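Here are my notes on the structure, as numbered points. Please keep the model open while you read them.

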Amino acid sequence: MDVAPDADVRAVEAVDGAFLSQGAVGDETSIQRFEIEPGEGVPEHDHPHEQIGVITAGRLTFLVDGEERVVGPDDTYVIPGGEPHAAENRTDEPVVGFDVFAPPRANPDWGE
């Protein structure tokens, strides 16, 4: 068993106001923690990984295929691999959550 202690994980500011922390990476999945500051977001992008997540604090608005979906605390979601998506924090509170990627998305180049 491998453990990725939270104290050893360094957050990276992937885009303005969006901080991502790489957690444990397995052979078939990986997990990352994210925090998005109020008024900030992640621009539209896509990746081949299926993305399954949970919001632990705040509310995040996802923009997928022309639709907006608001996801709040304890809500879970799935974004198929290759699906263009964006996310915005339109509230006055930080949004915190976790994403699981399959196949693993270990140490991605956040600039892509």
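1. In which sense do strand 3 and strand 10 pair, and over how many bridges? They pair in the antiparallel sense, over seven bridges; two strands pair if DSSP finds at least two bridges between them. Within this pairing, Gln32 stands opposite Asp99 in strand 10.

2. This is a predicted model, in which local features need pLDDT of at least 70 and side-chain atom pairs count only at pLDDT 80 or more, while totals for chains, interfaces and linings use all residues. Residues are numbered from 1 along each chain as its sequence is written, and side-chain values use heavy atoms, leaving out hydrogens and water.

3. The chain has ten strands and zero helices. Both are DSSP runs numbered from the N terminus (helices are H or I, at least four residues; strands are E, at least two).

4. Strand 10 also runs antiparallel to strand 5 (residues 50-57), and seven bridges join the two. Ile52 has Val100 in strand 10 as its bridge partner.

5. The radius of gyration of the chain, taken over C-alpha atoms, is 13 Å, which agrees with the value near 13 Å for a compact globule of 112 residues. The globule rule is 2.2 Å times the number of residues to the power 0.38. Of the 112 residues, 30% count as buried (under 20% relative accessible area with a 1.4 Å probe, protein chains only).

6. The largest pocket has a volume of about 340 Å³. A pocket is an open set of points on a 1 Å grid over the protein atoms alone, where a 1.4 Å probe fits, with protein on both sides within 12 Å along at least five of seven lines; lining residues have an atom within 4 Å of a point. A volume is the space filled by probe spheres set on the points, which are joined across faces, edges and corners.

7. Among the 23 residues that line the largest pocket, Leu20, Val42, Pro43, His45 and Arg105 are the closest to its centre. Strand 4 gives the most to this lining, with four residues. By class, the lining has 15 nonpolar, four polar and four charged residues (Ala, Val, Leu, Ile, Met, Phe, Trp, Tyr, Cys and Pro count as nonpolar, Asp, Glu, Lys and Arg as charged, the others, Gly among them, as polar).

8. The second largest pocket has a volume of about 260 Å³. Strand 6, strand 7 (67-71) and strand 8 (76-79) each supply at least two residues of its lining, which divides into eight nonpolar, one polar and two charged residues.

Terms used:
Buried < 20%, exposed > 50% of the residue type's maximum accessible area, 1.4 Å probe, protein only.
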